[in-house]
Structure formats: C-alpha cells, structure tokens
Amino acid sequence: MNGTLIVAEHLLGELRDITRELVTAARELAGPVAMAVIDRDASRFDVNFRGVDEVFRVPADQEEFENDVYQAALEALIAERQPQAVLLGFTVNSMGYGPAVAAKLGLGFASDVHGLASEDGAVVATRSFYGGKVHAELEFSTGRPVLLLVRPAAFAPAEPGGSAASKDFSVEIPASRARHLAFEEVAAGDVDITTADFVLSIGRGIGQREEIPRFEQLADKLGAILAVSRPLVDAGWMPSARQVGQSGKTVSPRVYLALGISGAVQHLAGMKTSGTIIAVNTDPEAAIFNVAHYGAVADLFDVAEELEKLL
Ligand SMILES: Cc1cc2nc3c(=O)[nH]c(=O)nc-3n(C[C@H](O)[C@H](O)[C@H](O)COP(=O)(O)OP(=O)(O)OC[C@H]3O[C@@H](n4cnc5c(N)ncnc54)[C@H](O)[C@@H]3O)c2cc1C
C-alpha cells in the first residue's frame, strides 16, 4: 500500500484550514502524501504545501461540495492509489461521504481523530471518548487501508512552498442524487456571540429554563454576552444563535466564563481559543477544567449570587 491520501476541502473558492492541517497529520504516517482536489477547475487552488508529494486534480462539473461526487471520486482514487491511510476532515462534508466509503470498501475507520502515529507499519489513531475523559489509541493492523476523520485544529497547518507534481485524474461520476444549488445566509440571530469580548456561557448545570432570565441579567451587569451549550438549545430554552461549539458558533472572546458546562469536545471546539477561560463546576473531574485558566469547583448559583452582590 502506498502512503496517505487526503482530500482538500474548499468552500466559495477558498481552501478550508483543515486541508493544510491534514497535510501535517499525514506526515505522522509512513510513505508519500497525495492530495486530491475535486473541483470544476482544481488548478485554481494552490495545494502545494510542504509535505505534499503528489497532487491529483479531479475534474467535476460543479464548484461546491456534493456528497455523491466526492464519494465516487474518493472510491476511484483509493482504487488507483491503494493508500494505507485516507485522511479527511471531521467536518460536516466528510462526515457524510467518508463513513459511506469506508463501509462500502470495508476499510478500517475512526472519526474525531486528534493524534496519529505509525508503529511497525501500523496506523495508530488517537481519539477521545466519554466527553474527552478517556483518550484511546486505536491500532489498525497492516494489510487493510484505514479511513480517518481528523478533528479540525488538532494539527498545525502545513506551510506553503511544496514541490509536488500535479496530474489530472478523471473519474466517472454518477448523476448526483442531491445537487448544490446555492448558499443562503442564515437569518441573523438576536445577537452575534462571535464578536463578543466577554462571554458568559451557561450549560445544563443551570437545571431549569426558569433560571435563564437571572443569567441574562447577570450577563448584562457584567457587560458580557450570554451564550449556552447545546442542550439548552435542543431543549428550546435559547435560540441556536447563542450556541457555542462544533455545531454552533466558534467564539474567541477575551474572557469566557463557563457556568455548569462539562466541557464535551464538541463544546470545547467552539471556545478553547478564548483568551482567558474561567470555569465553575461542581465536578472536579469535569473536562472543562482541562482548558480553563482559572477554575472553581463550586455551585454555579453560589458564584452567581456573589457576582450579583459585587455588581
Ligand atoms: C455531533 C455533535 C455535535 C455537538 N455540538 C455541540 C455544540 O456545538 N455545542 C455544545 O455545547 N455541545 C454540542 N454537542 C453536545 C455535547 O456532546 C455535550 O452533550 C454538551 O456540550 C453538554 O452540555 P453541558 O456541558 O451543558 O451539559 P452536561 O454535560 O450535562 O454538563 C453539565 C455540567 O454542569 C455541572 N453542574 C451541574 N449542576 C451544577 C451546579 N449547580 N453548579 C456548577 N456545576 C454544575 C455538572 O457537573 C456537569 O459537568 C454535540 C454533540 C454531538 C454528538
């Protein structure tokens, strides 16, 4: 088998950061790195990053991602290239077609991978379980290709300036079951949490909907914007515009104060680059403390009361 194959992700004419991160991830594994770019004009993307050995330009009749097109192209590329590993982003796009290809071709598979190594020729992937409390190393025996979805921002982006050779690779693509027609802007929410300087974020620890006005007032007094973890949106207590995390918004305020949030990876994905993270949780083992700069093992209502008194 022949090195690692990665598939570039692009949106509205721009490469997404995960593309460069996949190159760095691939360098952890043995063998050459091949990058595939699927697009109407694949040459418009400069994917010649350091660490890429070969670029496959796959012509398609569309510019934006379509699940069936990527699936057909990846199957053909795997047949041609016979890679030991295929790396895709753990992104909305790849979550659709990546597992489908792995299942169809009988490949090894893991998602949300944030560490990679090559041991005695076998691919070893690290991923987390139980909301980030357990890190497991999955060893894939040699002899069978493995398809891994790599967590965004887990690897540094590769630098430009590579010297890979490019070649065209035509694939017979079946008629798509779903076509991309256009992007539509999501209706603006009541507030833009992504530009806030100070975010007060509340989680399921607040217990009940009736508590929300209290934290809205506290946020006002603090000069903060109120944000929430996903369960509060799922429960219909707050609009999705306020959700921080993988399936919500990414925020990077100067201060992120998290009350009653456990720190699941999907939540951390949306806030871990905040300047100063302060966490309050009654559980000393809560994963949020792994990323917090300051932490208090305390009842969030006691902390809220003290802040209300101070203000
Ligand atoms: C595909 C996918 C996408 C997802 N996307 C997101 C996302 O974008 N954003 C997101 O947030 N989640 C997301 N999730 C859900 C995520 O996995 C967690 O379930 C969620 O983040 C948990 O929210 P929480 O921390 O508020 O709740 P819990 O995990 O229930 O944690 C509540 C915390 O409050 C603490 N607590 C309880 N009472 C008190 C108290 N009185 N004082 C102090 N602490 C207290 C508890 O110790 C606990 O740690 C996603 C999941 C999946 C599968």
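Trainee: What volume does the second largest pocket have?
Mentor: First, this is a predicted model, where local features need pLDDT of at least 70, side-chain atom pairs count only at pLDDT 80 or more, and totals for chains, interfaces and linings use all residues. Residues are numbered from 1 along each chain as its sequence is written, and side-chain values use heavy atoms, leaving out hydrogens and water. A pocket is an open set of points on a 1 Å grid over the protein atoms alone, where a 1.4 Å probe fits, with protein on both sides within 12 Å along at least five of seven lines; lining residues have an atom within 4 Å of a point. Volume is the space filled by probe spheres set on the points. Here, the second largest pocket comes to about 530 Å³.

Trainee: Which residues lie nearest its centre?
Mentor: Of its 29 lining residues, those are Arg204, Gly260, Ile261, Ser262 and Gly263. Helices (H or I, at least four residues) and strands (E, at least two) are DSSP runs, numbered from the N terminus. Those giving this lining two or more residues are α5 (230-234), α6, β15 (276-281) and α8 (300-310).

Trainee: Which residues of α8 are buried?
Mentor: Buried means under 20% relative accessible area with a 1.4 Å probe, protein chains only. In α8, that's Leu300, Ala304 and Leu307. Down the helix axis they fall within an arc of 65° (taken from the directions from the axis to the C-beta atoms), so they line one face of α8.

Trainee: What covers the buried residues of α8?
Mentor: The cover includes α4 (212-222), β14 (255-259) and β15, counting contact as heavy atoms within 4.5 Å.

Note on methods:
Buried means under 20% relative accessible area, exposed over 50%, partly exposed in between (1.4 Å probe, protein chains only).
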